[in-house]
Amino acid sequence: MNAILFEPSAERIAASNWTAFRDGWASRDPAVPEDARGLWRRSVEDAPAFWQELRRFAGVIDEGDPEPALQGQAMPGARWFPDLRLSYAENLLRRCDDGVALIARDERGRRSEVSFAELNQQTAGLAAFLERIGVGEGDRVAAMLPNIPEAIVGLLATNALGGIWSSCSPDFGLQGVLDRFGQIEPTVLIAVDGYSYGGKPIDVRAKVADIARAIPSLRAVVVVPYLEEAPDLAPIPDSVIYAEAIAGAAQRPTFRRLPFDHPLMILYSSGTTGKPKAIVHGQGGTLFQHLKEHRLHGDLKDGDRLFYFTTTSWMMWNWLVSGLACSATLVLWEGSPFHPDPAILWRVAEEERLTQFGTSAKYMDACKKAGVRPDQFDLAPLRSLFSTGSPLLPESFAWIYEAVKQDLQVASISGGTDIVSCFVLGYPTLPVRMGEIQGPGLGLAVDVWNDDGQPVRGEKGELVCTRPFPCMPVSFWNDPDGSRYRAAYFERFPGIWHHGDYAEITESGGLVIHGRSDAVLNPGGVRIGTAEIYRQVEQVEEVLEAICVGQDWQGDVRVVLFVKLRPGVALDDALRDRIRKQVRANATPRHVPAKIVQVADIPRTMSGKITEIAVRDIIHGRQVKNTEALANPQALDHYRDLEELRS
């Protein structure tokens, strides 16, 4: 088994939400297991009972009949809590007092607080404005906003009316925004006048005007001043300043309680293989799943301070917002995570007394390579560190315990936009093992299957979920017969959710994600996860980042590794040899790249994930179908017509 890096104390386990939940369930059903793995098995075998217990434990505000919890067993087709009605926003705004709901920080040094009472009042004001211009059940409200309080107000106000929310960050290009919002025909657009990144202010008013003119369904554009206190809105048609829109607000919104699966939000696939899929998520499934992940797996408690470095384009923003349902304070960061200095987020962690800190695996690796030492800050309140976006490498686990804090639950988590949550994540009552995700989510029948559809242990295979779960998408937008939805998740194994991750269940019961299935390499017919190669390559000091793809070559596939090196470092034969030796010594000869090529940049999506598919397409002379999905599409220029790939 992999080495144990952290074990929670008996006192910590006893004080956890996990233990309180388990004890409460066991008081009604003495057959409920005490051990964590047993509790997961029970939650899968009797999923309706588990979700009923979660509803009770979390104190969900709802009405109607909670039985049956599950109607049908088909995927897709099963329905959760068909006779229950609720409001997602009402459950997040249950507090209406002077306690701090939101703390907003940004790279420009600004800080502001929003109380629960103020959050209720702003939500009521915006909901009243939206209702006045005709937003009702099923209408869409789109937002091009940074990670600021007004974005959270927008989501809550939209749901309070029964509308459907959709957001993206303001760094998207015009076509990228239209590829998303153009599909869903929103009634209202909420946008900023601009944003700042890396110390550079970026005015987006012209882009907002172009968007407004290109979407005929829009009735109004609400503009949130961010760069300027009083921006000129003359070029933007039908525009109104945010403060004017929310003026004259009631103290609390009126919440419409609607069916469990009523649409809450529309998220989008990365879109690197074509126009992004518009994925519709229901309010009940999202709320229940996030309550489970926050309270049970993340041990989030009333008064905790939850932070996740994210943009409004990434599903982790939606995940973060749901922390309000636990009466936690959300700490928001807007801007570069390395400006004005590489340690800024850890300084925020100290100053805001964070109890849970979330970020990407790539951020951890960047901190390590930049020589950042988080342990120079007072992180005493910090109990949990969440990491997602890509697999957290074993060496990154070790670095966290060496350079951040030893008394810390490191929870590598993995799921996706498709379920607006996680399939696998942390267990606050179990040890943390080097390089492992602690386990599958409660209530989720997660497994790993081989190509023949058989479960495997200790071998790599496809991550699947074999039974219905509440946070499955309600639908895809503009997919009336459900054919695109079924093709996305249920074609590979009929009736079984196929997630598209290449994974492995370990001896301890934990999991390792080896990368996306569609990026798996296949030299000589042997499947290799790219994460296995990245783990080794990123140990080489000169390498800042890498991306690895398979190139069709002489009737087979050869492994090609592209590396971005430290400034001033050039790739020579000696460095290539060291990289190959590192891979060969710690993986297998089949993992060793046939070609290693230096590039100036690595292409990534708006949520920061590297995109192997785009690189694979471009080196094979195929068109990358949607460069608007990339944060840095110009990076692809480095991969066209490379002489090194012709021999």
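This is a predicted model: local features need pLDDT of at least 70, side-chain atom pairs count only at pLDDT 80 or more; totals for chains, interfaces and linings use all residues.
I began with Asn-478, which I found in the loop between β29 (475–476) and α16 (483–489), where helices (H or I, at least four residues) and strands (E, at least two) are DSSP runs numbered from the N terminus. I noted that Asn-478 has a positive phi of about 55° although it is not a glycine.

I number residues from 1 along each chain as its sequence is written, and side-chain values use heavy atoms, with hydrogens and water left out.

Backbone, continued. I looked up Ser-327, a residue other than glycine whose phi is positive, near 60°. Ser-327 lies in the loop between α12 (315–321) and β19 (329–334), and with 9% relative accessibility I counted Ser-327 as buried. I then turned to the peptide bonds and noted that the one from Glu-67 to Pro-68 is cis, with omega near 0°, Pro-68 being in the loop between β2 (62–64) and β3 (70–71). The bond from Met-75 to Pro-76 is cis, with omega near -10°, and I placed Pro-76 in the loop between β3 and β4 (79–80).

Salt bridges. I used the rule that a side-chain nitrogen of Lys or Arg lies within 4 Å of a carboxyl oxygen of Asp or Glu, and by this rule I have a count of 45 salt bridges. I looked up Arg-28 and Glu-53, whose side chains meet in a salt bridge at 2.9 Å, N to O. This pair links distant parts of the chain, with Arg-28 in helix α2 (residues 17–28) and Glu-53 in helix α4 (residues 47–58), 25 residues apart. I recorded Arg-28 as partly exposed, with a relative accessible area of 48%, and Glu-53 as buried, with 7%.

I next took Asp-46 and Arg-42, which form a salt bridge with their closest N and O atoms 4.0 Å apart. Asp-46 is partly exposed at 27% relative accessible area, whereas Arg-42 counts as buried at 16%.

Then I went to Arg-256 and Glu-131, a salt bridge whose closest N and O atoms are 3.0 Å apart. Here too the pair links distant parts of the chain, 125 residues apart, with Arg-256 in the loop between α10 (242–245) and β15 (258–259) and Glu-131 in helix α6 (residues 116–132). I have Arg-256 as partly exposed at 28% relative accessibility and Glu-131 as partly exposed at 43%. I also noted a network in which salt bridges that share partners join Arg-105, Arg-111, Glu-113, Arg-305, Glu-351 and Glu-352.

Single residues. I asked which residues touch Arg-205, taking contact as heavy atoms within 4.5 Å. Not counting residues up to four places away in sequence, Arg-205 touches Asp-193, Glu-228, Pro-231, Asp-232 and Ile-236. Arg-205 lies in helix α9 (residues 205–214) and is buried, with a relative accessible area of 16%.

I looked up His-499 in strand β30 (residues 497–505) and found this residue buried, with a relative accessible area of 4%. Leaving aside neighbours within four places in sequence, I listed the contacts of His-499 as Gly-415, Gly-416, Asp-418, Phe-423, Leu-463 and Arg-516. I also checked His-499 against Arg-373, and the two are 126 residues apart in sequence and 36 Å apart in space, C-alpha to C-alpha.

My last entry is Thr-530, placed in helix α17 (residues 530–537) and counted as buried at 3% relative accessibility. Apart from neighbours within four places in sequence, Thr-530 is in contact with His-514, Ala-519, Leu-521, Cys-548 and Glu-612.

Notes: Buried means under 20% relative accessible area, exposed over 50%, partly exposed in between (1.4 Å probe, protein chains only).
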